[in-house]
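Please keep the structure in view while working through them.

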Amino acid sequence: MIHVTPSLVIDPADIRESFMRASGPGGQNVNKVETAVELRFNVFTAALPEDLRHRLRGLAGRLLTQSGDLVITSQRFRSQERNREDALEKLVALLRKAAFVPRKRIATRPTKASKTRRLETKSKRSEVKSMRRSKPRFDD
């Protein structure tokens, strides 16, 4: 079992990995060895709480397919094992971020002092602008 948070674990059987050739530098090795990893984790079939699943859908964005697969690729490293670890770390980081429950904001009213401060600054600003508008008068 993979521990995401103290209360959330995921089953490694829910994760599917496929390997492909990586792009970028690597010399002759890049054309022969499949070091890039594509990790797939189905959000709908995995044993996840419903609220976490909903937040994960919002966070995943384009990484989530129509069928509910969360697709994470990694090709940063030259070895397949390091890329597997990197892809798994990305998945765990995304699940941890989705596991965080944001606090609900409690709507509050502005204080009377803040209202008066706002109105005073508005009136001062209005006075400055009205002085700019008035035409200068020259008394001879």
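Arginine 118 is found in helix H3, residues 112–133; helices (H or I, at least four residues) and strands (E, at least two) are DSSP runs, numbered from the N terminus. This is a predicted model, in which local features need pLDDT of at least 70, side-chain atom pairs count only at pLDDT 80 or more, and totals for chains, interfaces and linings use all residues. Residues are numbered from 1 along each chain as its sequence is written, and side-chain values use heavy atoms, with hydrogens and water left out.

Q: Does arginine 118 count as buried, partly exposed or exposed?
A: Buried means under 20% relative accessible area, exposed over 50%, and partly exposed in between (1.4 Å probe, protein chains only). Because its relative accessibility is 46%, arginine 118 counts as partly exposed.

Q: Is alanine 98 buried or exposed?
A: Alanine 98 is found in helix H2, residues 80–99. Since its relative accessibility is 0%, alanine 98 counts as buried.

Q: Which residue forms a salt bridge with aspartate 69?
A: A salt bridge is a side-chain nitrogen of Lys or Arg within 4 Å of a carboxyl oxygen of Asp or Glu. By this rule the count comes to eight salt bridges. In one of them, the closest N and O atoms are 3.3 Å apart, and the partner of aspartate 69 is arginine 40.

Q: How many residues apart are aspartate 69 and arginine 40?
A: Aspartate 69 is buried, with a relative accessible area of 8%, whereas arginine 40 counts as partly exposed at 25%. Both belong to a network of salt bridges that also links Arg16 and Glu38. The pair formed by aspartate 69 in strand E5 (residues 69–74) and arginine 40 in strand E4 (residues 36–42) links distant parts of the chain, and their separation is 29 residues.

Q: About how many helical turns separate arginine 84 and glutamate 81?
A: These side chains form a salt bridge, with the closest N and O atoms 3.5 Å apart. Because arginine 84 and glutamate 81 are three residues apart in helix H2, their separation is about one helical turn.
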